[in-house]
Amino acid sequence: MDETDGAGTGALPPKSVARFVERARAAGLAPAPVLHEGSARTAEEAAARCGCALGRIVKSLVFRGAQSGAPVLALVGGDRRLNTEALVGTLGEAVERPDAAFVRSVTGYAIGGIPPLGHDQKLATFIDKSLLAHETVWAAAGAPNAVFEVDPRALRDAVSAREIDAA
């Protein structure tokens, strides 16, 4: 068993996955994380591991408000590239890409395993409308080798995400 926040492959999940499950349940979801032997860190790796189309993978992209410094989360389909102008137009301020230390400090998770909810701090959250076209989507579950399947509308509601057209 790996008791660290790493991507353990033992019988029990890493602490970060257990923390995610607890927080997701508190938000009204019932995730069933799947731990893979290999990485699901990128959208392409996750789609291959889950056996699904790239558009059914949720990328959790963390930004920082350029003026406020507040954390912002964009949930985007794995087959799309975020048009940050769409995000800026809805958010009302410019955004910048923070460093890995900032991302970990606000989410509690390492890049490559950031789930779409259950973070250490409240993040203004936006969801790409393309994700809502699917019955279910797959997202990171707190570690680079852990994913979970979820109804994207239930996810949107659980995090009070505002819809955007990310492309």
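Predicted model: local features only at pLDDT ≥ 70, side-chain atom pairs only at ≥ 80, totals over all residues.
This report walks through the sheet and the salt bridges of the structure above.

Residues are numbered from 1 along each chain as its sequence is written, and side-chain values use heavy atoms, with hydrogens and water left out.

**The sheet**

Let's begin with the strands (DSSP runs of E, at least two residues; helices are runs of H or I, at least four residues; both are numbered from the N terminus). An open sheet is built from 5 strands in the order E4-E2-E3-E5-E8, with mixed pairing. Its edge strands, each pairing on one side only, are E4 (95–96) and E8 (162–164). Two strands count as paired if DSSP finds at least two bridges between them.

Strand E2 (residues 58–65) is mostly covered, with 6 of its 8 residues buried; buried means under 20% relative accessible area, exposed over 50%, and partly exposed in between (1.4 Å probe, protein chains only). E2 runs antiparallel to E3, joined by 7 bridges, and Leu61 has Ala74 in E3 as its bridge partner. The two strands form a hairpin with 5 residues between them, and Gly69 in the turn has a positive phi of about 75 degrees. E2 is also antiparallel to E4, through 2 bridges, where Arg64 stands opposite Glu96. By contrast, E3 (residues 71–77) and E5 (residues 124–128) pair in the parallel sense over 4 bridges; here Val72 stands opposite Ala124.

**Salt bridges**

The whole structure holds 8 salt bridges, each a side-chain nitrogen of Lys or Arg within 4 Å of a carboxyl oxygen of Asp or Glu. Among them are these:

| Pair | Closest N and O atoms |
|---|---|
| Arg23 and Asp120 | 2.7 Å |
| Glu163 and Arg156 | 2.9 Å |

Arg23 lies in helix H1 (residues 15–26) and Asp120 in the loop between helix H4 (100–107) and E5, so this pair ties together parts that are 97 residues apart in sequence. Arg23 is partly exposed at 26% relative accessible area, and Asp120 is partly exposed at 44%.

Glu149 is partly exposed, at 39%.

In the remaining tabulated pair, Glu163 is partly exposed at 36%, while Arg156 is buried at 19%. Separately, salt bridges that share partners join Arg80, Asp128 and Asp165 into one network.
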